[in-house]
Amino acid sequence: MSYLGNIVSSVQTVFEGLTITFSHLFREPMTIQYPDRTPIPVKDTLPLRYRGFLDVQTDICTGCTLCQKACPIDCILIEAGKDPELGQRVMTRFAVDLSKCMYCGLCTEPCPTGAIRFTREFEAATYDVKTLVREYILNGEKIVPYKAPKK
Amino acid sequence: MENFITNMIAQCSWLQSLPKWVVVFGFQIFFSVLILFAFVAIFAMLAGYVERRVAGRIQSRIGPNRVGPQGILQSLADGIKVFLKEDVVPTAADPILFRIAPYFVFVGMFLAFVAIPFSAQWVISDFNLGIFYLLACEALVVIGIVMSGWASNNKWSLIGGMRSAAQIVSYEVPVSLTILMIVLWCGTMDIQQIILSQGPMPWHWHVFQNPFLFIGFFIFFIGSLAEGNRMPFDMPEAESELVSGYNTEYSGFRFIIFFFAEFANLYLIGAIVTILFLGGWQAGVLPEFFVSIFGAENPWIVALIKNFTQLFVFQAKALVLVFVIIQLRWTLPRVRVDQLMALCWKYLVPISFVNLLAISFWVVFVPEIGTKITAGVMTTFGAIIFIYFFYRVYWQLKFSKAKIRMNPFS
C-alpha cells in the first residue's frame, strides 16, 4: 500500500511545488538594487537618529574642544589659538578622521550647541584612505567661535 | 531533407551542374554547422541567462540584469571570462584521456542533433533507425563523463563520473522501454514516421492516446532528466558534496565544452519528448494559412514558409518543456543516491514493464474506436490538470497575499 501511496504523494507534492514556484514568477522580488536603482536614495530610508558620518556646523561651534577630549580614539582634531590680528581666539582647523571613527556618539553628547552631530550618510568606500579625513574648516579660514547671547 | 534538396536543385541551375551526392552532402554539412553554431551555441547562451532569471524570480531575487539590456549579454560576459582562463592540465592527470574526454561528451550530444527533425523537410539525416540512434548517442556521453572523471585523478571527479555512469546506465532501462512502447504504438523507429503518426491537436498526440502512454510520458521525462544529469538528479555534479563533479579539474575552453553540452542536452530532452509524445512539428493548417497570408507562389518560398511555421511550432513545444525542466530544477531538492536508484529500479522499471505489456495488448486487441474514446477522455483529463495547475497558482498568490508583479523584466 505504501508503494502506491509513495507514488501518489510524490506526484501531489511535485505538482504542489511547481505551482508554488510558478506563482513566484508573478510575485514582486525582494531585492533592493542598492547603489543606483533604488526608488529613493538609501540614505533617506534610514532612521532619523542613524549614526552615520559626523558633521560639524562651524558657525555655531564654540571651539570648546569638549568633543576632542571625549573622543576615545582621538579621531577629532581641533586647532585653536589666539589670533594676533583679530585679537581673539580663533579656530584654524577642525578635522574628523572617519576611517578611525567608531560612531560611538561620545563627542555629540558634551557638545553645548549641537554643532557636531551625526548625519545619515554612510557610504565611505574610497580608493584612498586619506580622503576620509574630513576637514570642516577649509582654505586657512579663521572661524571665530560662537558665543551664546547674554540674557 | 532529400525533398528539400531536390527542390533546391530544381530551382538553382548551377547546382544541377554538380553531381547530386556532392550537393546532398554539402547541404547536410552546411545544415549541421548551421545548427551547431547558429542555433545550439545561441541556445546555450540564452538558456543560461533564462535559467538564472527564472531562478532569481523563484527565489524572490531579480537575477542578472546589468550586462546589456536586462542582462541579456550576461552569458557572453561569462563565456569570455571562462574562455580567457588558463587551460590547466593537472600534473597527475592522464594527459591524453583528460584532453579528449570533453570531445566525447560534445560529440555524443551533438551527434543527436543530426537526427532531430525541426520540420517536415528540415532534418539533416532522416533514417529508419532514428530513435535507436538517439539512444546510442546518449551512451557515448557516459564514456566521456567517466573518462573525464577518471583522467582527472581527483576523488571528486571520479565519484562524479561513477555516479553519472551508474545513473545513466540505470535510467537507460525505463527510457528504452518507454521508447519501445512508442515504437510498438507506431510500428516504426523512423523519427519522421513517429511524428507523422501523431497530429497537430492535443488529442492526436501520443501522450493523450491512452492512460499507459500518459504514464509513459512522465517516465520518459523523469528518465531523460536523470540521463541528462539535470536537477533533481544532478548527482554527478552535486556542488555541495563534490565541488563540481566530473568537470572539477577542467578550466578554460574544455570547461566551456562541458557547459555547452549540458545546455545542448537540456534542449535535446525537450526536443525528444516533443517528438515522441507531443506531436513534434505537426502544425495542422497553420503552414497553408501562412502561405495564403503571404500569397506566396514560388514553390521554393512556399516550402520555406511551411518549414518555418513547423519549425516555430516545434520550438515552442520544446522550449515550454525546457522551461518546465528549469522550473523543476529550482523546485525540487536533490535526491540521495539510494533514492535515485530506488526510484529507477523499484518504481520506473516495473511500471514501464507493465506499460509495455499493456501497450502490446492494446495494439493487438483494442479497436480504433476504443483508442478514439480514450484519447478524448485523456485529453479532457490533461486539460483539467492544466487548468487546475493555473488555478492552484492563482490560489498560491492569493493565499500568500504577495505583491503581484506581472512584468518579468523588473
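Trainee: What makes R66(B) and D36(A) a salt bridge?

Mentor: A salt bridge is called when a side-chain nitrogen of Lys or Arg lies within 4 Å of a carboxyl oxygen of Asp or Glu. In this predicted model, where local features need pLDDT of at least 70, side-chain atom pairs count only at pLDDT 80 or more and totals for chains, interfaces and linings use all residues, side-chain values rest on heavy atoms, with hydrogens and water left out. The closest N and O atoms of R66(B) and D36(A) are 3.2 Å apart, so the pair meets the 4 Å limit. Residues are numbered from 1 along each chain as its sequence is written, while chains are lettered from A and ligands numbered from 1 in the order in which they are written.

Trainee: How many salt bridges are there over all chains, and why does the pair of D36(A) and R66(B) join two chains?

Mentor: The rule gives eight salt bridges over all chains. D36(A) sits in the loop between α1 and α2 of chain A, whereas R66(B) sits in the loop between α3 (20-58) and α4 (74-83) of chain B, and therefore the pair joins two chains. Helices here are DSSP runs of H or I with at least four residues, and strands are E runs of at least two, numbered from the N terminus. Between chain A and chain B the count is two salt bridges.

Trainee: How do you know which residues of chain A and chain B are in contact, and how many are there?

Mentor: Contact means heavy atoms within 4.5 Å, and by that test 24 residues of chain A meet 33 residues of chain B. L25(A), F26(A) and E28(A) supply 21% of the area that chain A buries against chain B, more than any other three residues.

Trainee: What area do chain A and chain B bury between them?

Mentor: Buried area is the accessible area (1.4 Å probe) that two parts lose on being put together, summed over both. For chain A and chain B this comes to about 2800 Å², 63% of it on carbon and sulfur atoms.

Trainee: Which domains does the assignment give for chain B?

Mentor: The bounds come from an automatic or database domain assignment, which gives domain 1 (86-366) and domain 2 (367-410) of chain B. Their C-alpha centres lie 25 Å apart, and the contact takes 11 residues from domain 1 and 11 residues from domain 2. Domain 1 and domain 2 of chain B bury about 880 Å² between them, 74% of it on carbon and sulfur atoms. F208(B), F214(B) and V366(B) supply 50% of the area that domain 1 buries against domain 2, more than any other three residues. Zero salt bridges are found across this interface.

Trainee: What is the average pLDDT of chain A?

Mentor: pLDDT is the predictor's confidence in each residue, from 0 to 100. Chain A averages 86, and 99% of the residues score at least 70.
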